[in-house]
Amino acid sequence: MALNAASHNPTGSPTGSPSGPPPPPSSETTSAILDAANGDPTAQSQGGTDGAEIGPGPHGEGEKPKTAKEIEKERKKAEKEKKFQEKKAKKQHQAAASTAPKPKEKKVKKPAAVDAYEPSKIERELYEWWEKRQCFAPQFTADGNVKEEGKFVISIPPPNVTGSLHMGHALASALQDTMTRRARMMGKTTAYIPGCDHAGISTQSVVEKTLWKKEKKTRHDIGREALVDTIWAWKGTYHKNITNQLKRMGLSVDWGREAFTMDENLSMAVRETFIQLHDEGIIYRANRLVNWCTALTTSLSNLEVDNVELSGRQLLSVPGYEKKIEFGVLTHFYYEIEGSDKRIEVATTRPETMLGDTGIAVHPNDERYKDFIGKRAKHPFLDRSLIIFADEHVDPEFGTGAVKITPAHDPNDFNLGKKHDLTFLNIFNDDGTLNDNTGDFAGMKRFDARYKVIEALKEKGLYVKWVDNPMKVPLCSKSKDVIEPIMKPQWWMKMESLAKPAMEVVRDGTIKIQPESAERNYFMWMEHIQDWCLSRQLWWGHRAPAYFVDIEGGQGDSSDGDLWVCAQSEDGAREKAEKKFPGKKFTLRWDEDVLDTWFSSALWPFSTLGWPKKTKDMETLYPTSILETGWDILFFWVARMIMMGLKLTGEVPFTEVYCHSLIRDSEGRKMSKSLGNVVDPNDIIDGIGLEELHAKLLTGNLDPKEVQRAKDYQKSAFPKGISECGADALRFALVNYTTGGGDIAFDIKVIEAYRRFANKIYQATNFVTGRLGDDFVPSETPYTNQPISLAEKWILHRLNSTVKEVNNTIEAREFSTAASSLYQYWLTQLCDTFIENSKFILQDDAAADDQASAKQTLYTALECGLLLLHPIMPFVTEHLWQKLPRRPGDETPSIMVARYPQFNTALDNPSAAAGYEFIMALAAGIRSLLSQYNFKEPGHIYIQTNSQSAYDTASAEETSIKSLSGKYVGNIEILAPPSSKQGTQQQQQQQPSGCAVSPISAEAAVYLKIVGTNVNLRQELEKAEEQLREAQAKVEKSRKVMSGEGWGKVRKETREKEEGYCRNAEAEVARFEGVRAELERLTLEE
């Protein structure tokens, strides 16, 4: 059921029929409130966890659920009854005190306050409440079209079904849901589409390791069908885990549109794409070198290979070997020349590959080898000779200048082999052992053979030496095995023709990629794009819809693309083959290989909307709005989606790409399951002990060698485990981390701090709702009430400024700035300043109009603050928003569909804001002086003003100044400016006597009476002299700037700023000179 579009009205405006009120409090919640009220009458000012009007209630069908107000009345009634009983018991106790022995005093631990912020009691019930009301489904117009406000569609980057999500997923989820929730609150048709990726290599690898660990069986022991069934069962379990994690994070995804890359429609889309591109000649068959992982026994694309830089000799761990293997070495040895006693020296970084050598290349101008060109060298271990030939691509300066050529196992040698028609000889089996082409070395593992070859060369006197050699070692990004180039017949995809239009749509702005560094990397890769190897020698994934036509009597080569047909089924393939080979008898063989996982992922933005079928979702929701992902898969995934979208749909798949940073652990390492430093978001949300964290390391496939190191990291990063933080604090921390710059260093203390921030919001809202009173009715709109006090005008101005900045920065994807603005608004402006100030405005002796105005402003500042914060912190804001009384006619059922605040000039009041900020500066100066001089009793304060406007403002806001100045402020005297006719003679003086000073600006200064206190006047004189020197230095520096060459050409705004700075500094000098003179006089009188 779609949400009622009528509920998307501005706050305060009438709405259509809502989807229903929030559920009443649970029985546990109600009981906790009443019990705590009976046991702790001091908890009245913050309200309890009663606000859970969200969540299933205990009431039957016919019983009317209690509202939060009714519960609050019951709580107050219970409190009064308790106080009466306490008085009664006290009288009885006093009567018996004279006869009863005095019991020994025993300290009792006070129970936790009922109104403490507990995320777990809020979050689970709320998500279920949202789901039941289908709050996450997109809202269309009555005729099924996108609403006039527009659309916002985003697909979740599908996580792999290989286990649980990590902090990188949590970061992406927080950013995506922030944008989605805001768009929904702006009234747009909003679709956030979830799903998972089958992750061919990763998933099969994990399941195979688990199978071996538990049953000591390989995939070949159980067969293809059984392994695939096992992986489907794995997928079912871990898919549920992932779904639970996404829900715990609060993602407002439309679960009705959830997708999996091996769902039937998505699988059909893969087959359709492969067939179309094969028929067009874009996908082709070829026997070429591939990146072969012997550990996984599959080929990989270049993007799945990590090149590790070595500066010289180094021992590396390689899967399948107990001892580390030597790399970064250039081994020199001789080949003997046939029919001669001469030898030619060659050098190689991979001695074992000499068993596959079929040639030796030299540069044609290298005088050392001119006599060798055209001759043949004898292989020392095999009945084979190697042709020596010249080629200009040989670097005579590298090694010996003579290069051994292994065409079947090196990319450069492959090209030279093709050019000079050499023999291509494969020497490896798929598992990395040597095959029958290697003679006596057959059956050895490749790196064991490396050392055996060197030993054999030494025995024949052909070994020369080894030297350090800087080099790159290619490693499989999944298994960390050393990649072996091997020739395999595979499916390839031509990329150059697809890349050109994909670059053009970014250049012309059709697609915007942020940050700019990601866009530069995009072009760098696309301009040097290579054909894509699609085949993977796996059993889990989309099997290529390709069939080999084995013609009777022929000797077909599987690398011959002409002998293949592609179709959705074997029947379709047979029909194509009959047309292609009329009158021929043949059998069909379905290709065993599956396709690269990224092939299906490249179709994600439109296959999830029903493509290749013509669906309503494709018509209304495509193209999607934005892709939010990590920069590390910009090429794996983002570029390929753009290419496929343009090719298959004729449109871009999205109009914006935002690449977030990577999260690293506190030691700067990338979070990886292989390192054991991955943190489950749920462990942060719920909390977890250190021992439980240790235990988790033993449940996966972590290398035993890494377990202890991972434990040491956990002890360092989480010495006391992780305390319960809740989803809101986690989300806020991750959004605030996102600057669009470098990688993020994860620190649990930051998240714990934002848990305290959530508690501050919780307590502040409870305080305000308590102060508003049961009979409070909000004004019709946030703009109806005309604020009376300067503080009110200031907070509404700050609110309006925050609204503007948050909207602008989220649109600009400056997430950290948006979060920071919200933090400052809630913590320093609303809670620490305005709410504190309102305590004085709402005192019983205050004027009724002043109180009424202040309450309306409090409500607006709180309501809009919750609305602004909701996209980032959805749970606590929904919970608290439900506690607020509604504006007349507003029946909006959930904060999720309330209107997001927008900038309004009616609240913009910079002059009033400046006036109140002057008041806050005075209060800050007072607090600073009282703290500096360690006052623990009321201190006498003077405020010396230097202009009539400053005097008028300070005088009118004396109550505010006092309310913001802390508990040790005593009497405050506001002194008129020297030229003013107002005030007493004492107030006319330039400066109060016997005081310390805190300069505020050129307009005013704050003085604290220190004569007659315990303050050391001589020390204060020294301090005043130092402060005077610092102020004089400021003046000198400023005057030097203004007298410098080119000052007249400086912008007006800059000049005015510097001139104001100089005036303030000059005022400081005057005041410190006065303080110094006064202190000198007082010390002489001591």
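Take Met 167 to begin with: beyond the neighbours within four places in sequence, Met 167 is in contact (heavy atoms within 4.5 Å) with Ile 663, Met 671, Val 679, Pro 681, Ile 684, Leu 730, Leu 734 and Phe 746.

This is a predicted model, in which local features need pLDDT of at least 70 and side-chain atom pairs count only at pLDDT 80 or more, while totals for chains, interfaces and linings use all residues. Residues are numbered from 1 along each chain as its sequence is written, and side-chain values use heavy atoms, with hydrogens and water left out.

A nonpolar core here is a set of buried Ala, Val, Leu, Ile, Met, Phe, Trp, Tyr and Cys residues joined through side-chain atoms within 4.5 Å; buried means under 20% relative accessible area with a 1.4 Å probe, protein chains only. The largest such core has 166 residues, and Met 167, Ile 684, Phe 746 and Trp 826 touch the most other members. Helix α24, residues 815-841, gives the largest share of this core, 12 residues. Apart from this core lies another, of 75 residues, including Leu 266 and Met 493.

Across the chain, 53% of the 1086 residues are buried.

Helix α22 covers residues 748-772 and reaches 37 Å from first C-alpha to last, close to the 36 Å expected (1.5 Å times one less than its number of residues). At its N-terminal end, Asp 747 is the cap, with a side-chain oxygen 3.0 Å from the backbone nitrogen of Lys 749. After α22 comes Gly 773, with a positive phi near 90°.

Conventions
Helices (H or I, at least four residues) and strands (E, at least two) are DSSP runs, numbered from the N terminus. A polar contact is a pair of N or O atoms within 3.5 Å; within protein, one must be able to donate a hydrogen and the other to accept it, and residues adjacent in sequence count only if both atoms are side-chain atoms. Buried means under 20% relative accessible area, exposed over 50%, partly exposed in between (1.4 Å probe, protein chains only).
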